Amino acid sequence: MSVLEQIKEFVIAGSAKKVKEYTEQAVAEGLDASTILNDGLITGMNVVGIRFKANEVYVPEVLMSARAMHTGLAVVKPLIVNAGIKEKGVVAIGTVQGDLHDIGKNLVIMMLEGAGYKVIDIGVDVSTEKFIQVIEEQQPQIVGVSALLTTTMTQMQHTVEKLQAYRDKIKIIIGGAPVTQAFADEIGADGYAADAASTVDLVQKLTSI
Ligand code: B1M
């Protein structure tokens with residue numbers, strides 16, 4: 001089994017220790033960070049998602065896989081984030097209120113940091129008031145809202161509507177598995193990105209306007 005297959009299998013099995021070990025091995029073998037992410041860590045998590053949906057695994061197993069994936073992300077983070085890079089702008093990102101999913105948000109943060117942005121991680125289950133507090137206190141140029149549940153898309157809409165009052169200062173971007181460009185247009189967000197890499201392109205585009 002290749003090192004990427006080992007990473008994938010140990011993410012599925014929820015073995016944080018093994019995911020760390022094989023991710024370090026993949027780095028030592030010279031594989032690049034995006035290959036390790038996409039063909040190892042994320043592929044494993046996708047399998048977990050399919051099994052979760054089919055009721056073949058339950059929340060405790062998914063949490064163990066998520067934790068295992070996080071240990072792998074921690075290993076590749078230094079490869080993605082170039083500490084010496086000049087700061088291009090400030091982005092604040094949170095997962096919307098009622099939603100605890102943060103793996104995708106954390107990946108987006110990592111990619112943005114790697115591209116030279118300062119990122120304020122507001123965390124998960126973030127209320128509209130908290131987004132507003134961060135905007136007022138830390139003055140980001142871009143505010144990102146993530147949602148992974150169809151049920152929290154309504155809260156996302158509410159947050160985006162309330163943030164319209166800050167439109168002269170910020171651009172609002174949204175993302176997450178159930179979110180689409182059509183939904184972004186409908187609720188008045190400035191942009192939507194389907195994955196972490198395209199979030200970087202989107203932020204670059206919006207900050208250069
Ligand atoms: Co949850 N969960 N979960 N879960 N979970 C999903 C999302 C689900 C699709 C699983 C399924 O049924 N197949 C389903 C949602 C169904 C729906 O609403 N349509 C679901 C459900 C139902 C639930 C619970 C309700 C289950 C329950 O308790 N009965 C519950 C809700 C808890 C809550 O949030 N209030 C729940 C709980 C959990 C765990 C806590 C166990 C765990 C989260 C752990 C954590 O995040 N720390 C979990 C997980 C891990 C998943 C799955 C398996 C994986 C999500 C993930 O991390 N994907 C997920 C199934 C799936 O998606 N395959 C599922 C990997 C990640 C890299 O992708 O997050 O999509 P993603 O992020 C991408 C893009 O979307 C994009 O870039 C990222 C990187 O490329 N992106 C952005 C994300 N945010 C962005 C923001 C941007 C731009 C791009 O700009 C701001």
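Mentor: Ground rules before you start: the model is predicted, local features need pLDDT of at least 70, side-chain atom pairs count only at pLDDT 80 or more, and totals for chains, interfaces and linings use all residues. Numbering runs from 1 along each chain as its sequence is written, and side-chain values use heavy atoms, with hydrogens and water left out.

Trainee: What makes phenylalanine 10 and tyrosine 22 a stacked pair?

Mentor: Rings of Phe, Tyr and Trp (its six-membered ring) pair if their centres lie within 6.5 Å; planes under 30 degrees apart count as stacked, over 60 as edge-to-face and the rest as tilted. The ring centres of phenylalanine 10 and tyrosine 22 are 5.6 Å apart and their planes sit at 10°, so the pair is stacked. By this rule the count is 1 aromatic pair.

Trainee: Which helices does that pair link?

Mentor: Phenylalanine 10 belongs to α1 (residues 3-13) and tyrosine 22 to α2 (residues 16-28), 12 residues apart. A helix here is a DSSP run of H or I, at least four residues, and a strand is a run of E, at least two, numbered from the N terminus.

Trainee: Why is lysine 18 with glutamate 21 called a salt bridge?

Mentor: The rule wants a side-chain nitrogen of Lys or Arg within 4 Å of a carboxyl oxygen of Asp or Glu. For lysine 18 and glutamate 21 the closest N and O atoms are 3.7 Å apart, so the pair meets the rule. The two are 3 residues apart in helix α2, so about one helical turn separates them. The structure holds 4 salt bridges.

Trainee: How many salt bridges cross between domain 1 and domain 2?

Mentor: The rule finds 0 there. The domains are 3-83 and 90-207, with bounds from an automatic or database domain assignment.

Trainee: How do you know that domain 1 and domain 2 are in contact?

Mentor: Contact means heavy atoms within 4.5 Å, and 11 residues of domain 1 are in contact with 8 residues of domain 2. About 850 Å² is buried between them, 81% of it from carbon and sulfur atoms; buried area is the accessible area (1.4 Å probe) that two parts lose on being put together, summed over both.

Trainee: Which helices supply the domain 1 side that touches domain 2?

Mentor: Both α3 (33-53) and α4 (59-80) supply at least two residues each, and α4 gives the largest share, 6 residues.

Trainee: What stands out about phi at asparagine 55?

Mentor: Most residues other than glycine have a negative phi. Asparagine 55, in the loop between α3 and α4, has a positive one, near 60°.
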